[in-house]
Amino acid sequence: MGSNLFSIKDKTVVVTGGLGQIGSSYCQILGERGANIVILDSSEYNLPLEHNTTNLIDNGQAIYIQTDITDKKSLYNALNKIESKFGTPFGLINNAGLDSPPNSSSQSNGPFEEYDEKIWDKVIDVNLKGVFLSCQILGSAMAKNGAGSIINIGSIYGILSPDQRLYEYRKFSGEAFFKPIAYSASKSGIYGLSRYLATYWAKNNVRVNTLTLGGVFNNQDKEFLNEYHKKVPLGRMAKSEEYGGAIIFLISEASSYMTGSNLVMDGGLSAW
Ligand SMILES: NC(=O)c1ccc[n+]([C@@H]2O[C@H](COP(=O)([O-])OP(=O)(O)OC[C@H]3O[C@@H](n4cnc5c(N)ncnc54)[C@H](O)[C@@H]3O)[C@@H](O)[C@H]2O)c1
C-alpha cells in the first residue's frame, strides 16, 4: 500500500450521469489522477459541460456512451463497448438521478395530496431501478472479475425529510412548491440496496458504499440560498469539486476495509 494508498491510476471507472453538474466533476478529478473514465449518460454530449472532459476523450483516457440506465439493452450495449476499450471496469459510480431543484416548475412539485403517480414512477425508475440495473449489469461483470468498488450516490434528503419551509418563498409569487416525496423515497432506498450488495458481493471482492451529499450551489434563487445557508453549520452549499476527495477515497485501497457503509458530506447539516 504505502504511498499508493489513494492511487486510482489505470483503474477504469464508470460514472453514470457523467455529463451532469456533479458527475462531470467526478470525471475530471478521476481523470486528473490517471483513471480511465467511462461517461454514461442519457443526454447527448453537448458542450459546455460544468466540468470539461473533452480533453480526456480526445486523449483516449475517457469514452462517452449514450446510455439509459433504466434500459437493460442500453446497459448491455455500454458494457460491451467498455470491455472492448478498457476491459472490465473496476469502479462504478451510480450518480445519474432526477431531482426537482427549488426553481423548477411547481406543476410537477405540488403538494403531496396531488403528487402525480407518473412523476413518482419516473423518479423511482431512474433513481432506484436505474441503480439496481446498473449494478446488475455492470456490477455483475465486476463481481465475476473479482475486484471493484461501487459508489451509490445518496442525498441528505434520503436521511432527513426536506424542510419544506425552505421553499415557502415561492408562495409569495403565487405558486406552491414542495420538495417531492419520490426523491426522498428513492434516495432512502439506496441505503438498503447498497447494504444488500455489499454483503452479497463481499466474497467477490467488490465493495459497495453510499456517498451521501448535501446540496450543491447551482445559482439557486437567493431566497432559497439564504434559508439553506442558515441550516448548514459551514454556512454555505457545497461546490461539486468538494466531493472529489471522497470519490478517490472510496474507489482506492484507502477504503479497503469499508463496505456497506454510508459516508455523509453535508457541511454539518445533519449534525444538529
Ligand atoms: N445537486 C445537488 O445538490 C445534489 C445533492 C444531493 C445529491 N445529489 C445527487 O447527485 C447526483 C448528481 O446530481 P446533479 O446535481 O449533478 O444532477 P444533474 O441533473 O446535473 O445530472 C444528472 C445527470 O443524470 C443524467 N440522467 C438522467 N436520467 C438518466 C438515465 N435514465 N440514464 C442515464 N443518465 C441519466 C442526466 O442526463 C444528467 O446528465 C444525483 O444522484 C443527485 O440526486 C445532488
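This is a predicted model: local features need pLDDT of at least 70, side-chain atom pairs count only at pLDDT 80 or more; totals for chains, interfaces and linings use all residues.
Residues are numbered from 1 along each chain as its sequence is written, and side-chain values use heavy atoms, with hydrogens and water left out.

The protein chain contains 7 helices and 7 strands, where helices (H or I, at least four residues) and strands (E, at least two) are DSSP runs numbered from the N terminus. Read along the sequence, these elements follow the pattern β-α-β-α-β-α-β-α-β-α-β-α-α-β. The C-alpha trace spans about 55 × 40 × 40 Å along its principal axes.

Around the ligand there is a shell of 24 residues, and the closest are Ile-22, Asp-41, Ser-43, Tyr-183 and Val-216; a residue is near a molecule if one of its heavy atoms lies within 4 Å of it. The shell divides into 9 nonpolar, 12 polar and 3 charged residues, with Ala, Val, Leu, Ile, Met, Phe, Trp, Tyr, Cys and Pro counted as nonpolar, Asp, Glu, Lys and Arg as charged, and the others, Gly among them, as polar. At least two shell residues come from each of α1 (21–32), β5 (148–155) and α5 (181–200), and β5 gives the most, with 3 residues.

The table lists polar contacts, which are pairs of N or O atoms within 3.5 Å.

| Residue | Atom of the residue | Distance to an oxygen atom of the ligand |
|---|---|---|
| Asp-41 | polar side-chain atom | 2.5 Å |
| Ser-43 | polar side-chain atom | 2.7 Å |
| Asn-95 | backbone N or O atom | 2.8 Å |

The protein covers 83% of the 830 Å² of accessible area that the ligand has on its own, as computed by the Shrake-Rupley method with a 1.4 Å probe.

Key:
A polar contact is a pair of N or O atoms within 3.5 Å; within protein, one must be able to donate a hydrogen and the other to accept it, and residues adjacent in sequence count only if both atoms are side-chain atoms.
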